[in-house]
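Q: I'd like a close look at one part of this structure, please. Could you take me through a pocket and what lies around it?

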Amino acid sequence: MIQENVWISTNSLDFAQSMTLLLRFQIQSYIQRTMYSHGTSGEQSNYYSRSRGLRVLLVDDDEINRMVTKKMLEKLGCEVTAVSTGFECLSAFSHAENSFRVVVLDLHMPEIYGFEVATRIRKFRSCNWPLIIALTASTEDNVQKRCVQIGMNAVLQKPVLLQAMAAELQRILHRAKPL
Amino acid sequence: MERNPLRRQLQMMRKSFFDQGYLDDQFVQLEELQDEANPNFVEEVVTLYYRDSSRLILSIEQALERKPFDFNKLDAYMHQFKGSSSSIGAKKVKAESTLFREYCKSGNKEGCMRCFQQLKKEYATLRKKLEAYFQLARQAGPMETACRPK
């Protein structure tokens with residue numbers, strides 16, 4: 001059958017959108033597999049049934065970057081809380097009901113640098129959660145090394161691409177030890 | 001093939017931004033994030049960028065007039081400015097920011113001042129172009145969804 005109005009999409013946006021959906025489903029399935037299948041070890045058991053998506057805390061002092069990264073994470077199925085300072089980040093952790101699985105942390109913030117924040121998060125929670133993804137504009141090797149030393153799980157170069165964020169999230173969730 | 005003439009014009013305008021080096025892939029990234037939940041996401045981010053960064057531009061301007069010259073402070077401002085410019089895909093603006101930072105690092109006051117003038121030009125040019133683009137987008141109306149063969 002010959003169709004009169006056949007639209008052949010060479011639009012790269014369509015392709016990107018399909019890829020995003022695919023990655024989103026993959027991440028959601030990891031969430032289900034790694035979180036739902038394991039015991040609750042002290043956390044509220046109905047947290048998981050209420051949770052719509054991966055709970056992420058985003059820490060970035062730049063309003064534009066915050067807006068873009070938040071949207072990116074939401075597109076990947078995350079439930080995002082965005083804060084603009086290291087202090088707000090740490091106080092978010094002191095509230096028991098805020099169980100963030102992942103922290104996406106910009107390393108270059110004034111007042112209290114990203115490294116400091118990450119170190120303190122690891123002190124609060126010495127187990128494997130939350131996972132920490134660092135965002136940096138720097139291409140220096142020692143930044144990467146320092147991130148690993150502090151116990152961060154991934155480092156992403158800014159400006160962040162959707163595909164890169166999706167890939168890193170998938171990778172660290174896959175490797176994360178169960179609760 | 002885009003039938004709507006306004007949409008065609010819009011596509012051509014958009015293509016020229018990339019061809020002439022005003023925007024880079026990061027702008028495409030913003031477009032990828034736009035969806036039904038946030039149908040004006042790109043325009044919102046760009047608007048926010050121009051609002052926020054205008055404050056930074058002013059701070060840099062004031063810092064350039066101060067004596068003695070504080071290269072560290074200038075570099076810090078420009079680091080922030082470069083970051084946001086980079087997030088919206090402002091290619092030429094970003095390039096000028098990088099150059100400015102290099103002048104700061106080498107303590108070149110003349111270089112900083114010249115570079116900053118050029119940066120402001122690029123910044124203003126891009127703003128005009130994007131404003132025209134979003135205005136045309138509003139006139140052209142919402143995108144028709146493509147009908148894929150089953």
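**A look at the second largest pocket**

A: Let's start with the space itself: the second largest pocket holds about 1,000 Å³. Keep in mind that this is a predicted model. Why roll a probe over the atoms at all? Rolling one the size of a water molecule shows where empty space is left.

So what surrounds this pocket? It has 40 lining residues, and those closest to the centre are H108(A), A137(A), K158(A), H79(B) and R101(B). If you go by elements, the ones giving two or more residues to the lining are α3 (63-75) and α6 (141-150) of chain A, along with α4 and α5 (91-105) of chain B. The largest share is from α4(B), with 8 residues.

Now pick out K158(A), which is among the residues closest to the pocket's centre. K158(A) also touches D106(A). That aspartate is worth a stop: an unreviewed UniProt entry places the feature "modified residue: 4-aspartylphosphate" at D106(A). You'll find D106(A) in strand β3 (residues 102-106) of chain A. Is it buried or exposed? D106(A) counts as buried, because its relative accessibility is 1%, and buried means under 20%. Besides K158(A), its contacts are V59(A), D60(A), D61(A), G114(A) and L135(A), leaving out residues up to four places away in sequence.

Still in chain A, have a look at R146(A). Its charged end sits over the ring of F115(A), 4.1 Å from the ring's centre.

Over to chain B and its rings. Across all chains there are 10 aromatic pairs. One of them is F17(B) with Y133(B), an edge-to-face pair at 5.7 Å centre to centre, with 65 degrees between the planes. These two come from distant parts of the chain: F17(B) is in helix α1 (residues 5-19) and Y133(B) in helix α6 (residues 109-140), 116 residues apart. Both are buried.

F81(B) and Y123(B) make a tilted pair, because their planes are at 50 degrees, and the ring centres are 5.8 Å apart. F81(B) takes us back to helix α4 (residues 71-88) of chain B while Y123(B) lies in helix α6, so this pair ties together parts 42 residues apart in sequence. F81(B) is buried, at a relative accessible area of 1%, and Y123(B) counts as buried too, at 8%. Together with Y49(B) and Y50(B), these two form one aromatic cluster.

Note on methods:
Residues numbered from 1 in each chain as written. Chains lettered and ligands numbered in written order. Predicted model: local features only at pLDDT ≥ 70, side-chain atom pairs only at ≥ 80, totals over all residues. Heavy atoms only, no water. UniProt positions renumbered as here; feature names shortened; annotations may be inferred. Helix = DSSP H or I, 4+ residues; strand = E, 2+ residues; numbered from the N terminus. Buried < 20%, exposed > 50% of the residue type's maximum accessible area, 1.4 Å probe, protein only. Contact = heavy atoms within 4.5 Å. Phe/Tyr/Trp six-rings, centres within 6.5 Å; stacked < 30°, edge-to-face > 60°. Lys NZ or Arg CZ within 6 Å of the ring centre and 35° of its normal. 1 Å grid on protein atoms, 1.4 Å probe; cavity = no way out; pocket = protein on both sides within 12 Å on 5 of 7 lines; lining within 4 Å. Points joined across faces, edges and corners; volume = space filled by probe spheres on them.
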